[in-house]
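Me: I would like to go through some of the labels used for this model and ask what each rests on. Please set the values against the cut-offs.

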Amino acid sequence: MGFDVTEYTTVLITLIVIMDPPGQIPIFLSLVGHQTPAERHRAAWQAPAISFLVISTFALGGKFILSYLHIGVPALQGAGGLLLLLVALQLLTGQGNASSPKAADGVNVALVPLGTPLLAGPGAIAAVIVAVSQADGHGSAYVAIAAAIVTVHLVLALVLRFSTVLIRILGVGGVTLVAKIAGLLLAAIAVQLIANSIMGFIDAR
């Protein structure tokens, strides 16, 4: 069967650029900064695990799932953008900090929004579906794609796990500041996703 190094490198670089492990650090810290160390460490591996599950599911049957539900990539982008915008507004208005324990305790942020749609977002899902479609039945390409998906999620887990060390340095005030910055960045990402969704619908006509 062999191993397609070129396919592995291409998919790995694509997913790293889209999922942006370093860029997830401020958002991760802003969402888990006021949780206990045990909860932060659990979120650091749960988020990549959820992302891996979602990405793998779409790699195996993404085209069938989207076709069966009559969902296009623009619809995924729009839904992801709206969800991220809600989270961004919570961070910007202070509803995600320590003064609002309901927001922090009532939702497992490792599942939403970290696991999906931040990590396993429309871009990553679309990239994997395209890569699998282009593999065209070559076993070596499928193995390479699977290896790339595993590798990028291991990188994400390591980055998020060791980013929790920064919380001790930043303190409560630093985490609050990071939350505001992350909220602004997240809002920009959400607006871009919504814009891409609108353009996708226009181009499809």
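Reply: Helices H4 and H6 each supply at least two residues of the nonpolar patch. Bear in mind that the model is predicted.

Me: Which residues make this nonpolar surface patch, and what is its area?

Reply: Leu83, Leu86, Leu89, Leu92, Leu111, Val112 and Leu184 make the patch, which covers about 580 Å². H4 gives the most, with 4 residues.

Me: Why is Val112 called partly exposed?

Reply: The label "exposed" requires over 50% and "buried" requires under 20%. The 34% of Val112 lies in between, so the residue is called partly exposed.

Me: Why is Leu156 called buried?

Reply: Leu156 has a relative accessibility of 1%. Buried means under 20%, so the label applies to Leu156. The residue lies in helix H8, which spans residues 139–163.

Me: What is the label for Ser133, and why?

Reply: Ser133 is partly exposed, because its relative accessible area of 35% falls between the 20% and 50% limits. Its place is in helix H7. Ser133 and Gly62 are 71 residues apart in sequence, and their C-alpha atoms are 9.8 Å apart in space.

Me: What lines the largest pocket, and which residues lie nearest its centre?

Reply: The lining has 18 residues, and Ile18, Pro117, Leu118, Ile189 and Leu193 lie nearest the centre. Two or more lining residues come from each of H2 (21–32), H4 (73–93), H6 (110–119), H7 (122–135) and H9 (165–204). H9 has the largest share, 4 residues. The space in this pocket is about 290 Å³.

Me: What makes a residue count as part of that lining?

Reply: A lining residue has an atom within 4 Å of a grid point of the pocket.

Me: How do the lining residues divide by type?

Reply: There are 10 nonpolar, 7 polar and 1 charged.

Note on methods. Residues are numbered from 1 along each chain as its sequence is written. This is a predicted model: local features need pLDDT of at least 70, side-chain atom pairs count only at pLDDT 80 or more; totals for chains, interfaces and linings use all residues. Side-chain values use heavy atoms; hydrogens and water are left out. On a 1 Å grid over the protein atoms alone, a cavity is a set of points where a 1.4 Å probe fits but cannot get out, and a pocket is an open set with protein on both sides within 12 Å along at least five of seven lines; lining residues have an atom within 4 Å of a point. Grid points are joined across faces, edges and corners, and a volume is the space filled by probe spheres set on the points. Ala, Val, Leu, Ile, Met, Phe, Trp, Tyr, Cys and Pro count as nonpolar, Asp, Glu, Lys and Arg as charged, and the others, Gly among them, as polar. Patches are made of residues with over 30% relative accessible area and no salt bridge: like charges are joined within 9 Å, nonpolar side chains (Val, Leu, Ile, Met, Phe, Trp, Tyr) within 5 Å. Accessible areas come from the Shrake-Rupley method with a 1.4 Å probe; for residues, only the protein chains shown count as cover. A salt bridge is a side-chain nitrogen of Lys or Arg within 4 Å of a carboxyl oxygen of Asp or Glu. Buried means under 20% relative accessible area, exposed over 50%, partly exposed in between (1.4 Å probe, protein chains only).
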